[in-house]
Amino acid sequence: MPNDNRNYFISGLRGGLPIGIGYFAVSFTLGIVMQNAGLTAFEGALMSLLNNTSAGEAAGTVIIGNNGSYIELAMSQLIINLRYLLMSAALILHIDKNLSLKHRLLMSLDITDEVFALSITQPHPLSPFFSYGVMCSTIPFWAAGTALGIMFGNILPAAVVKALSVALYAMFVAVVIPPCKKDKKLILVVASSMVLSFAFAKLPYLSKLSEGNRIIILTIILGAIFALAFPHAEEEEK
Amino acid sequence: MNIIIAIIIMAVVTYIIRVLPLAVFRKPIKNKFIRSFLYYVPYVTLSVMTFPAILNATGNIYLGGVGFIVAICFSLYKGSLPLVALVSCLAAYILEFFI
């Protein structure tokens, strides 16, 4: 690999490392949820290697645990991960416009919230080798954390596993709550989503919906309502 | 449901979403409704996934409830994900000795 590409790769490895360490903590808690749903360490690691998405994998785990349908599973991934469409589209402005298809196909594998945020802060144009470096220092942590979460879930005392079972959800709370301080609309978004989710889980008829379908339906309906009521005028990511 | 098939379906759907704009469309998304929709999606999805699931996560509604409330309070005070998770788990763990 030419020297320049090697430098980009190393710089990606370095930039990705803090993300990888954070991923390890999140995927460990994801592993605990997977263990509760009956997945093996191999299955968890495979899911994490191939998917690289916490919310998508958590929903997938719930649907697998409830023995849902493949359609429900595919729909849940489509809806929950749809935001990557926006990130992938925004990356177009950051790469060399003549970048080969091969590199575009490979770079797309690891578009996540954190990796995207790092990528768009890089000097223009974003080198694919930077992305490969980031992948090498994030994906292994993500997969290893998942596998370890499942293994530890199997051997730790039941009282500890019980307490650890709230960890992934606590992290989701820590994702949605802090931005509410800056963007007050989000308080309404988060609160109404939780209230309706609770209602859907408890009310007659509605509670017959599986958890996966509830996520899909509420995300489409509430996402559309809020997009119409409060169009979000953010600037093109710089 | 075969778990390996399920994992492959998830991976294929997720990859298609990631690859389409960058490798196929090659155009930024301009539509304001779609951009706004995609901005709100993670907040709605994660909120719906968290509640009420967190209440049932431990098998005891009080442990989950305390974990949930502690997570909200602590994430308002300090944003770091692992720290919020740790404090929330600790609260649930301590409560286990009292119920």
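Colleague: Which residues does Ser192(A) touch, not counting residues up to four places away in sequence?

Modeller: A word on the source first: this is a predicted model. A contact here needs heavy atoms within 4.5 Å. By that rule, Ser192(A) touches Leu222(A) and Phe226(A).

Colleague: Which helix holds Ser192(A)?

Modeller: Look for helix α12 of chain A, residues 185-202; Ser192(A) lies in it.

Colleague: Which residues of chain A does the UniProt annotation "transmembrane region" cover?

Modeller: Treat this as a label from a record. The UniProt entry, which is unreviewed, puts it on residues 21-42, 74-95, 129-152, 158-177, 186-203 and 215-233 of chain A. Then check the label against the model. Residues 186-203 of chain A are 94% helix and 0% strand, with end C-alpha atoms 25 Å apart. For residues 215-233 of chain A the figures are 79% helix and 0% strand, and the end C-alpha atoms again lie 25 Å apart.

Colleague: What domains does the assignment give for chain A?

Modeller: Domain 1 takes residues 3-175, and domain 2 takes residues 183-238. Their C-alpha centres lie 23 Å apart.

Colleague: How many residues of domain 1 of chain A are in contact with domain 2 of chain A?

Modeller: Read a boundary by residues, then by area. Here 14 residues of domain 1 of chain A meet eleven residues of domain 2 of chain A. The two domains bury about 980 Å² between them, and carbon and sulfur atoms account for 73% of it. In domain 1 of chain A, the greatest losses of area fall on Val62(A), Glu72(A) and Ile79(A), together 38% of what that side buries.

Colleague: Now the chain interface. How many residues does the contact take from chain B and from chain A?

Modeller: The contact takes 65 residues from chain B and 102 from chain A. The buried area is about 7,700 Å², with 76% of it from carbon and sulfur atoms. Met1(B), Arg18(B) and Leu22(B) supply 12% of the area that chain B buries against chain A, more than any other three residues.

Colleague: Which elements give two or more residues to the side of chain B that touches chain A?

Modeller: They are α1 (3-25), α2 (32-50), α3 (53-56), α4 (61-77) and α5 (81-96) of chain B. The largest share, 18 residues, comes from α2(B). Finish with the classes. That side of chain B divides into 48 nonpolar, eleven polar and six charged residues.

Key
Residues numbered from 1 in each chain as written. Chains lettered and ligands numbered in written order. Predicted model: local features only at pLDDT ≥ 70, side-chain atom pairs only at ≥ 80, totals over all residues. Heavy atoms only, no water. Helix = DSSP H or I, 4+ residues; strand = E, 2+ residues; numbered from the N terminus. Buried area = accessible area lost by both parts, 1.4 Å probe. Nonpolar A, V, L, I, M, F, W, Y, C, P; charged D, E, K, R; others polar. Domains from an automatic or database assignment. UniProt positions renumbered as here; feature names shortened; annotations may be inferred.
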